[in-house]
Each structure stands twice: as structure tokens, then as C-alpha cells.
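Please examine the sequence and the model shown here.

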Amino acid sequence: MIVFGITGPSGSGKSALTRVFADHGALVLDADAIYHRLLAESTELRTALTDAYSTDILTDGKIDRKKLGKIVFSSPALLEKLNGVTHPFVINEIKRLLAESTAPSAVIDAPLLFESGLDALCHTTISVLAPREVRIHRIVARDGITPEAAITRIDAQKPDEYYLARSQTFLYNRGTLSEFETEARALYARLIHTGSNL
């Protein structure tokens with residue numbers, strides 16, 4: 001199995017690239033979705049988080065994402081602490097899902113691919129980038145927020161140079177969705193063809 005890591009800043013088009021790879025039979029492992037499922041289901045993660053932040057983050061015995069978010073987004077140090085607690089759980093779950101799969105390839109879709117260490121599970125890493133104005137427009141349309149809120153979100157994220165310095169390849173998503181999907185299909189074919197040499 002060839003494992004691709006897909007990352008990039010918000011509004012760049014990671015989901016579109018992931019969909020194209022999924023259409024070619026790739027197992028899709030969405031790190032954010034896995035994290036949210038573990039928050040709801042994993043008693044081990046719940047214990048680790050209450051040890052770190054106290055039982056104040058619980059509602060009816062379950063992790064309350066709003067309460068947790070209010071705490072961790074109040075300072076970079078507390079967010080870093082959260083990542084330190086949760087990333088090992090997500091990594092272990094992704095390893096388990098990869099081991100169980102018979103798919104020819106897999107995609108790990110993770111905004112924090114490099115920060116979490118998930119890139120170590122990948123044969124190759126792909127960053128999706130897009131012009132700032134395009135990203136603002138996409139985030140506003142997708143999330144129903146103001147342009148100012150979208151700009152604040154973008155400014156809080158890593159610059160393009162961060163991804164370019166760490167990824168083995170990248171796609172620059174500046175055209176139409178159809179054009180991007182054509183590029184994505186070509187990239188998938190090339191990476192699968194050269195997979196044994198990655």
C-alpha cells in the first residue's frame with residue numbers, strides 16, 4: 001500500500017484532492033474526523049484529557065468540544081498541550097486502520113500532517129496551496145463567515161513556505177475545480193506509477 005499525506009492551509013483545496021484520490025480507490029483517513037470520533041468514543045482519550053484539563057470539560061460524562069475549545073484556544077501553550085495529548089491517539093488509530101485495509105493506496109488528510117508526526121507514516125507528502133484571495137473567498141463561501149474572520153483564520157496559519165519546505169510535492173490550486181481535478185488525477189497516476197521508488 002502506498003500512503004499519501006495531504007496537507008495545506010485552510011481553503012486551499014485539500015478536500016478536492018482527497019476526493020480525486022478516493023475516486024481511484026484510495027482509503028481516505030481524515031485526521032480531523034478520526035480525532036472527533038475518538039473524542040466521542042474513546043474512554044482512554046477522555047481520561048487523558050480530563051487528567052490534563054480536569055472534568056470541567058465534560059458534559060453528561062462526555063467530552064464537550066465547546067468547553068474544551070474555549071480552554072485550548074485561549075492560548076497557544078494550551079493548544080500545544082492539547083495536541084500533545086491527542087496526536088498519539090490519532091496516530092495509533094490511523095496505524096490500525098492502515099494495517100486493516102486492503103486498499104492499494106491510502107490518503108492521510110491532515111492539516112497538521114507535519115506537526116503531528118503523521119508524515120512519518122507516508123511514502124510521499126503533498127501540499128495543496130492557493131492564492132490568498134482565492135482562499136478567503138472559499139472559506140467565506142464554505143463556512144459562512146465574514147471575509148475579516150477568514151483573514152484572521154488565514155493569518156493564524158503557517159505560510160506557504162512552511163509547506164513547500166517540508167512536502168515532497170505540491171499542487172497550486174489557482175484555476176477552476178475541473179482544472180484542479182485534472183491536475184490531481186495526473187498527479188495520482190504519476191505517484192502510483194513511481195510508487196515503488198518513493
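A residue is called buried when its relative accessible area is under 20%, exposed when it is over 50%, and partly exposed in between (1.4 Å probe, protein chains only). The model is predicted: local features need pLDDT of at least 70, side-chain atom pairs count only at pLDDT 80 or more, and totals for chains, interfaces and linings use all residues. Residues are numbered from 1 along each chain as its sequence is written, and side-chain values use heavy atoms, with hydrogens and water left out.

**Confidence**

- The predictor's confidence in each residue is given as pLDDT, from 0 to 100; the protein averages 92, and 98% of the residues score at least 70.
- Helices (H or I, at least four residues) and strands (E, at least two) are DSSP runs, numbered from the N terminus.
- Confidence is lowest in helix α4 (residues 65-72), with a mean of 87, and highest in strand β2 (residues 27-30), at 97.
- Where pLDDT is low, the predicted coordinates should not be read in detail.

**Aromatic pairs**

- Rings of Phe, Tyr and Trp (its six-membered ring) pair if their centres lie within 6.5 Å; planes under 30 degrees apart count as stacked, over 60 as edge-to-face and the rest as tilted.
- The structure holds five aromatic pairs. One of them joins F4 and F21 edge-to-face, at 5.2 Å centre to centre and with 75° between the planes.
- F4 belongs to strand β1 (residues 2-7) and F21 to helix α1 (residues 14-23), so this pair ties together parts that are 17 residues apart in sequence.
- F4 is buried at a relative accessible area of 0%, and F21 is buried at 0%.
- F114 and Y162 also form an edge-to-face pair, at 6.4 Å centre to centre and 75° between the planes.
- Because F114 lies in helix α6 (residues 113-116) and Y162 in helix α9 (residues 160-166), the pair ties together parts that are 48 residues apart in sequence.
- F114 is buried at 13%, as is Y162 at 12%.
- Ring pairs link F4, F21 and Y188 into a cluster.

**Charges over rings**

- A charge sits over a ring if NZ of Lys or CZ of Arg is within 6 Å of the ring centre and within 35 degrees of the ring normal.
- K81 lies over the face of Y53, 4.9 Å from the ring centre, and K158 lies over the face of Y162, at 5.0 Å.

**Nonpolar cores**

- A nonpolar core is a set of buried Ala, Val, Leu, Ile, Met, Phe, Trp, Tyr and Cys residues joined through side-chain atoms within 4.5 Å.
- The largest core has 31 residues, of which L49, L68, I94, I108 and L118 touch the most other members.
- The largest share of this core, seven residues, comes from α5.
- A second, separate core of 17 residues includes V20, A26, F180 and L191.

**Residue Y163**

- Y163 is found in helix α9 and is buried at 4%.
- Contact means heavy atoms within 4.5 Å; leaving aside neighbours within four places in sequence, Y163 is in contact with residues including T7, P111, F114 and K158.

**Positive phi angles**

- S54, in the loop between α3 and β3 (58-59), has a positive phi of about 85° although it is not a glycine, and is partly exposed at 30%.
- D60, in the loop between β3 and β4 (62-63), has a positive phi near 55° and is exposed at 79%.
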